[in-house]
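Subject: Handing over the structure

Hi there,

Here is the structure I promised to pass on. Please have a look, and my notes follow just below.

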Amino acid sequence: MTRILHISDTHFGTEQQPVVEALESHVREQGADLLVLSGDITQRARRAQFDAAQAFVRRLEGYGIPQSLVIPGNHDLPLHNLLARFLSPYHNYRRYFGAELEPAFENDELLVIGLNTTHPRRRKDGRVTDAQVLAVCTQLRRCDPAKLRIVVAHQPFGSIVPSDLRNLQHGAQAALTRWAEAGLDIVMGGHIHLPYVLPLTGQYPELAREIWTVQAGTALSSRLRGRLPNSFNRLHLGKAQDKQVWVERWDYHPPAGRFVLGGHFDLHWPPR
């Protein structure tokens with residue numbers, strides 16, 4: 001069984017040390033097979049913030065997570081340094097997390113496709129391009145259909161509150177329609193600091209099959225949304241032929257100084 005630790009919106013530069021230590025303690029105790037960090041790694045894309053983030057990810061890998069998949073978020077491009085934003089927007093990201101902005105991971109049980117939906121001309125909105133839609137379709141169709149197939153992008157594809165409709169990916173409906181036909185199972189992301197698990201056919205009834213969205217809150221940052229705590233997700237894959245996934249949401253509990261299980265969701269894919 002593959003276990004995925006899904007964190008997002010760490011916003012290094014605003015991280016809270018007790019929360020950092022609690023997440024590291026959780027990983028030491030429970031481990032995982034793959035770390036997914038779905039963007040907004042830093043608060044202002046500065047070298048010191050990326051350096052701290054890189055050191056954090058390396059510590060998690062040292063505690064027993066052998067593989068990582070990291071993508072940029074809108075905060076990982078310079079905001080105030082306009083020259084850097086337009087001439088070398090991903091310079092610091094690449095310096096610390098590698099040249100590939102859209103990494104992928106595949107093993108015997110799953111395929112995870114990273115998608116960069118940021119752009120220097122957009123301050124925070126995400127957009128899925130036609131070229132990205134086609135590239136993802138190609139990867140999905142090449143993959144064994146028995147495997148779980150996941151796309152990771154920073155901004156969300158589905159909303160549970162009306163105020164977040166403006167935060168959805170531009171091009172989300174067209175992309176999901178094509179990806180459902182190609183066999184996508186899950187989209188994962190962050191951005192809005194609101195964790196939830198949602199079947200997207202409720203919002204996009206035209207989809208050929210169910211796609212679930214798994215959104216993560218802010219893992220470490222003081223930039224909390226309302227009264228929601230820091231949180232992250234753990235995904236546990238069942239047998240590939242069953243297409244079952246168990247998602248756990250873990251919430252930071254300040255009195256205990258640790259993360260505790262806050263929710264549990266069973267994902268399944270009925271025929272359509």
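This is a predicted model: local features need pLDDT of at least 70, side-chain atom pairs count only at pLDDT 80 or more; totals for chains, interfaces and linings use all residues.

Residues are numbered from 1 along each chain as its sequence is written, and side-chain values use heavy atoms, with hydrogens and water left out.

Back to α1, residues 17–30: its end C-alpha atoms are 20 Å apart, which agrees with the 20 Å that 14 residues should span at 1.5 Å a residue, because the expected span is 1.5 Å times one less than the number of residues. Its buried residues (under 20% relative accessible area with a 1.4 Å probe, protein chains only; exposed is over 50%, partly exposed in between) include Val 19, Leu 23 and His 26. Among the elements covering them are β1 (3–7), α2 (47–62) and β12 (258–267).

Now the rings. The whole structure holds 9 aromatic pairs (ring centres of Phe, Tyr or the six-membered ring of Trp within 6.5 Å; planes under 30 degrees apart are stacked, over 60 edge-to-face, the rest tilted). One of them is Phe 50 with Tyr 93, edge-to-face at 6.3 Å centre to centre and 80° between the planes. That pair links helix α2 to helix α4 (residues 91–97), 43 residues apart in the chain.

Enjoy exploring!

Conventions
Helices (H or I, at least four residues) and strands (E, at least two) are DSSP runs, numbered from the N terminus. Contact means heavy atoms within 4.5 Å.
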